[in-house]
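Biologist: Please take me through the helix packing in the following model.

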Amino acid sequence: MVSSKVKISSSNPKNFEDILDKTGGFGLFQLLILSILLSLDFPSAWIGLIPIFIGRAPDYWECNGVVVDANNTCNCNGTLSAPYPFTSIVGEWSLVCSTSWASDFITSIQMVGCLVGALLSSQIADW
């Protein structure tokens, strides 16, 4: 009868799993190191996600005390303000009509900066 298990030579590991098993496996220390290293990625993720949250336009605006739909904000001839609990750069700086492109442009510039920074830092790291 032939055994279905393949015996691995203890002196010559064949792949990474064999090396990991030979050195003691994935234990508590490896889990701790992995958790510490992965926790450093959270600030990087927020840098990429913040423009999505702070660049959101409100669904409606207030023009001289009258509620106006977001599509009709260009027709407002008075003071345009975002509803009270809503805060974003669109509401703070009134990025509507002719300046509505600014929020998306800021996000694009940030992403280009991340791309250039990643390319430059990888080249500097290999230098």
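Predicted model: local features only at pLDDT ≥ 70, side-chain atom pairs only at ≥ 80, totals over all residues.

Modeller: Residues are numbered from 1 along each chain as its sequence is written, and side-chain values use heavy atoms, without hydrogens and water.

Biologist: At roughly what angle do the axes of H2 and H3 cross?

Modeller: Axes are lines fitted to C-alpha atoms, for helices over the stretch in contact, and angles run from 0 to 180 degrees between N-to-C directions. The axes of H2 (residues 28-39) and H3 (residues 41-54) come within 5 Å and cross at roughly 25°.

Biologist: Which residues of H3 does H2 meet?

Modeller: Contact means heavy atoms within 4.5 Å. From H2, Leu37, Leu38 and Ser39 take part, and they meet Asp41, Phe42 and Pro43 in H3.

Biologist: Are H3 and H5 roughly parallel or roughly antiparallel?

Modeller: The axes of H3 and H5 are 9 Å apart, at an angle of about 165°. Angles over 145 degrees count as roughly antiparallel. H3 and H5 are therefore roughly antiparallel.

Biologist: Is Trp93 buried or exposed?

Modeller: Trp93 lies in the loop between helix H4 (89-92) and helix H5 (101-126). Buried means under 20% relative accessible area and exposed over 50%, with partly exposed in between (1.4 Å probe, protein chains only). At a relative accessible area of 55%, Trp93 is exposed.

Definitions and conventions. Helix = DSSP H or I, 4+ residues; strand = E, 2+ residues; numbered from the N terminus. Parallel < 35°, antiparallel > 145°, perpendicular 65-115°, else oblique.
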